[in-house]
Amino acid sequence: MDKKLLLSKKERLLKYIEDGVRLGRDTEDEFNIEAYMIKYQSMKSILPQLNEIFDELLELSNSKKNQIPDQSVDYNRFLDLQGEIEFYHKKYGATDRTPTSTFQAAKVKLPPIDIPEFNGEPTSWKLFKESFETVIHHNKELTSTQKIQYLVSKLHGKATSICAGIDCSGENYDLLWKTLIARYDDKRNLATIYFNKMISFRARQAETPTKLSEFVDEFCSIVESLKALKLDNLEDFFLLNIALSKLPPETIKAFETSIASNNEIPSYSDLKKFVASHSKMLERCEPSHNSKPSLSKPKTFLVHEEKVFNPKPKNLCFCCNKEYHPLYRCNKFLELTPHDRYNVVRNEK
């Protein structure tokens, strides 16, 4: 996983746990205790994920290619929170309490949960999905009504169009979540976005620390994000997209239509077979040469009157009317005055 994504995810999950533990520390408000008990299962499921994130960051820090800040302070913070989670759960779980009127109000006004918002950008979908599933979707303490309230509150921008026509009630939570998955959980689309970013990345001409840092932070992050998708054949995916960029839009549209019902990422071989088949189809659809309409000018029967009534014999000199010879060798023409010669030539034209 990309180091920026790892660090961002670590901070968000740590903050979520800290917010939950803070509720457990405040024993004066019954509402906080009830809210803590709701969050307990989510916090407990986050702990193994956080531990894996710290392990990955440790591996990256040992690599010379990656500059990872020291994680010892945050890791100690994580261990302390882990102990507090179990402490407060045992403390409040051992006490029989009936829900108070304040907790009943929590069914309408839910405690805030710190997970990233989703605005419809494909590149931010993965982080939102993982955070929401960990904190909300798999939380057995939450009802479907509470889950859909959290979900709708985190959707913004283009993502809100998903809610159009769907009643935001508890019974429609699964439908809304599955609709989001179908719309945005598209590995090929996300991989194509990363590929296009790589191709369009502007070359750095100057060899300066700033420019090289930009390359590492931007281009290398794109590469790591693409690798994190774990495509079956990254090399073939590159060949496919390069080949698609060389085809006319009409052919690309026809190819995408032919594979619309297939959820698998197409291969370069699939595209090659389609183009060959599509080319034969176009050849069969072309009209034959024999059926092409004639482009020659239509014949006309209108002719100039002088050409009909004053035909001139071919292969004769137009000055002496004898066997053809060049005008400068015509004796009759040479005997004429310059003015008469001019008139003979002008009349012939």
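Guide: Two residues are in contact when heavy atoms of theirs lie within 4.5 Å. This is a predicted model, in which local features need pLDDT of at least 70 and side-chain atom pairs count only at pLDDT 80 or more, while totals for chains, interfaces and linings use all residues. Residues are numbered from 1 along each chain as its sequence is written, and side-chain values use heavy atoms, with hydrogens and water left out.

The part to look at is Leu142. Leaving aside neighbours within four places in sequence, Leu142 is in contact with Ile38, Val135, Ile136, Lys147 and Tyr150. Leu142 sits in the loop between α5 (125-137) and α6 (144-153). Helices here are DSSP runs of H or I with at least four residues, strands are runs of E with at least two, and both are numbered from the N terminus. Leu142 counts as buried because its relative accessibility is 8%; buried means under 20% relative accessible area, exposed means over 50%, and partly exposed lies in between, with a 1.4 Å probe and protein chains only. From Leu142 to Ser42 there are 100 residues in sequence, but 9.8 Å in space, C-alpha to C-alpha.

Ser269 belongs to helix α12 (residues 268-285), and its relative accessibility of 35% is why it counts as partly exposed. Ser269 and Leu240 are 29 residues apart in sequence and 8.3 Å apart in space, C-alpha to C-alpha.

Elsewhere, two helices form a contact. Ala191, Tyr194, Lys197 and Met198 in α8 meet Phe219, Ile222, Val223, Ser225 and Leu226 in α9. By class, this contact of α8 with α9 has seven nonpolar, one polar and one charged residues. Ala, Val, Leu, Ile, Met, Phe, Trp, Tyr, Cys and Pro count as nonpolar, Asp, Glu, Lys and Arg as charged, and the others, Gly among them, as polar.

Now the chain as a whole. The chain holds 15 helices and zero strands. Of its 349 residues, 34% are buried. Among contacts between residues at least 6 apart in sequence, 67% join residues at least 24 apart. The chain exposes about 23500 Å², with carbon and sulfur atoms supplying 53% of it; accessible areas come from the Shrake-Rupley method with a 1.4 Å probe, and for residues only the protein chains shown count as cover.
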